[in-house]
Amino acid sequence: MSTQPSKILETFPNPFPKRDYTIRIKIPEFTCLCPKTGQPDFAILHLEYIPDSHCVELKALKLYIWSYRDQGAFHEAVTNQILDDLVAVCNPRFMRLTSEFNVRGGIYTNVVAEYCQPNWSPAPIVQLA
């Protein structure tokens, strides 16, 4: 079992590549450092995606997220960098990352970044009575 953070993201083949389905992952213990003060920033990350040919492997994702613990980053930058890294390895049909940062100086920050494959569009929403 690895006890070291890692920037390596791993994937596995999507078991149902012909179907659009949503994977939701909640990461409640994200930490990075404020690039101005060096103080820790804490966030809950909400990852939602519709896979294409590959899904992200959860242990690798955990170690990747851990790698930000001692890294200074603005909330906007770290959210977009994580999304870019995940899109690069998974090439999902759609992916959204929401970073819900804890209060600092009386201000809460939520950053939402999205990616959508060109020429892909979601199926219509089904409303059940």
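I started with Ile-50, and it turns out buried, at a relative accessible area of 11%. Buried here means under 20% relative accessible area, exposed over 50% and partly exposed in between, with a 1.4 Å probe and protein chains only.

Before going on, I noted that this is a predicted model, where local features need pLDDT of at least 70, side-chain atom pairs count only at pLDDT 80 or more, and totals for chains, interfaces and linings use all residues. Residues are numbered from 1 along each chain as its sequence is written, and side-chain values use heavy atoms, with hydrogens and water left out.

Back to Ile-50: I found it in strand E3. Helices (H or I, at least four residues) and strands (E, at least two) are DSSP runs, numbered from the N terminus. I then listed what Ile-50 is in contact with (heavy atoms within 4.5 Å). Leaving aside neighbours within four places in sequence, I got Asp-20, Tyr-21, Thr-22, Pro-92, Arg-93, Phe-94 and Trp-120.

Phe-94 made me curious: what stands opposite it in E6? It is Cys-116. I saw that E5 and E6 (residues 107-116) pair in the antiparallel sense over nine bridges; pairing takes at least two bridges found by DSSP. The two strands form a hairpin with two residues between them, and Gly-105 in the turn has a positive phi of about 65 degrees.

Next, the core. A nonpolar core is a set of buried Ala, Val, Leu, Ile, Met, Phe, Trp, Tyr and Cys residues joined through side-chain atoms within 4.5 Å. The largest one has 27 residues, and Phe-30, Leu-61 and Ile-82 have the most contacts inside it. Which element gives the most to this core? I found that H2 does, with six residues.

Beyond four places in sequence, Phe-30 touches residues including Phe-42, Leu-45, Ile-82 and Phe-101. Tyr-68 is also on that list.

Then I looked at rings. Rings of Phe, Tyr and Trp (its six-membered ring) pair if their centres lie within 6.5 Å; planes under 30 degrees apart count as stacked, over 60 as edge-to-face and the rest as tilted. I counted four aromatic pairs by this rule. Phe-30 and Tyr-68 form a tilted one, 5.9 Å centre to centre with 50 degrees between the planes. Phe-30 lies in strand E2 and Tyr-68 in the loop between H1 and H2, so their pair ties together parts 38 residues apart in sequence. Tyr-64 and Tyr-68 have ring centres 5.4 Å apart and planes at 80 degrees, so I logged them as edge-to-face. Phe-30, Tyr-64, Tyr-68 and Phe-101 form one aromatic cluster.
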